[in-house]
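Trainee: Before we look at details, please show me how to read this fold.
Mentor: Here it is.

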Amino acid sequence: MQTNPLGTTDLIVSRLGFGCGSMGGLLVRGEYPAMRQAIARAIELGITYFDTASIYGNGQSEVNLGAIVRELDAKPEIVIGSKVRITRPEQLDDLRQSVVDSVEASLRRMGREQIDLIQFHNRIGPQRDLDQSQVAVSDLGEIFAAFDLLKRQGKVRYWGITGLGETHAIQTVVNSGGFHSSQICYNMLNPSAGQPVPDDFPYQNYDQLIDRCAANGIGTIVIRMLAGGALSGVTERHPVASKSVNPIGSEETYVEDVERVQSFKSLVDEGHVENLVEAAIRFVLGKPEVSTALVGISTLEQLEMAVHYAAKGPLSLA
């Protein structure tokens, strides 16, 4: 498994990261032995980055990941990232304390004294709109100050953002700096974060955000590599996966995303890939500036397949 430094930090992350969220669902709704087996196998396969969040299963993902890592006595080079999300209006009254409280709660759930990477997980826009889970660009100063305080206390090593929201606002934050990583939505349905798109592109244009981050020394963590599962080309969901998916940067509904994915089937018909999942993974990993790309899994078999496809190397759609 190829590894990269995460931006200018000393964190070394595998090109394929293990997503512990609700989308694949294993670390939220799976059976504990299956979770443990998958994490252990991921480490054997060279995966070093594990991504969780306080909101995944109302903290259950953090609890499960922390317990498994302790049981496995995982090596120090394992990198764990989690997230803070502001959900209640009263939390905005003292953003710094709200962030500190959230991180300390995450540490307790994971049974850890320190987290390698903490990310602010709200959307970013020109102004606050909690109905859309959005904070203002001007709020980031207080949030980063809280992360810096936690770093000085030895509870956090590095911090970042989730690069969702209004494109210009995200670009403004990236150009201003003060953080180490950004989660970025990038996939075959919406490749705008990694390559130019036409002026009439029908979805949100992230305006080559990956390249902007790389130019500023900010590590990039790709999310929605499979568009929530739509890039499998089927609408059926695994029993432990999330029952429904809210698309990001693509069609209005998951079903519409799956319908649009059928246009990529020629890649399979012409023998370039075994299936659309392979195409989706290899497409994202073909972007050299990507530090790590998260895959959410429901089963050990899905993990094995993802690693197998990643090893095949980049896939160009040009």
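Mentor: Start with burial: buried means under 20% relative accessible area, exposed over 50%, and partly exposed in between, with a 1.4 Å probe and protein chains only. Here, buried residues make up 55% of the 318 residues.

Trainee: What ground rules apply to the model?
Mentor: This is a predicted model, so local features need pLDDT of at least 70, side-chain atom pairs count only at pLDDT 80 or more, and totals for chains, interfaces and linings use all residues. Residues are numbered from 1 along each chain as its sequence is written, and side-chain values use heavy atoms, with hydrogens and water left out.

Trainee: Why does the radius of gyration agree with a compact globule?
Mentor: The radius is taken over C-alpha atoms, and the globule rule is 2.2 Å times the number of residues to the power 0.38. For 318 residues a compact globule would have a value near 20 Å; the protein has 18 Å, which agrees. The C-alpha trace spans about 55 × 50 × 35 Å along its principal axes.

Trainee: How many helices and strands are there?
Mentor: Helices (H or I, at least four residues) and strands (E, at least two) are DSSP runs, numbered from the N terminus. The protein has 11 helices and 12 strands.

Trainee: Which strands pair with β9?
Mentor: Two strands pair if DSSP finds at least two bridges between them. Strand β6 (residues 115-120) runs parallel to β9, joined by five bridges. I115 has V156 of β9 as its bridge partner. Strand β10 (residues 181-185) also pairs with β9 in the parallel sense, over three bridges. There, T162 is partnered by Q183 of β10.

Trainee: Is β9 mostly covered or mostly exposed, and what are its limits?
Mentor: Mostly covered: β9 covers residues 156-162, and six of its seven residues are buried.

Trainee: What does S54 touch, leaving aside its neighbours within four places in sequence?
Mentor: Contact means heavy atoms within 4.5 Å. With those neighbours left aside, S54 contacts G59, E62, S82, K83, R85, S102, S106 and R109. S54 lies in the loop between β4 (49-51) and α3 (60-72). S54 is buried, at 13% relative accessible area.

Trainee: Which residues other than glycine have a positive phi?
Mentor: R224 is one, with phi near 55°. A227 is another, also with phi near 55°. R224 sits in the loop between β11 (219-223) and α8 (254-261), and A227 is in the loop between β11 and α8 too. R224 is buried at 18% relative accessible area, and A227 is buried at 8%.
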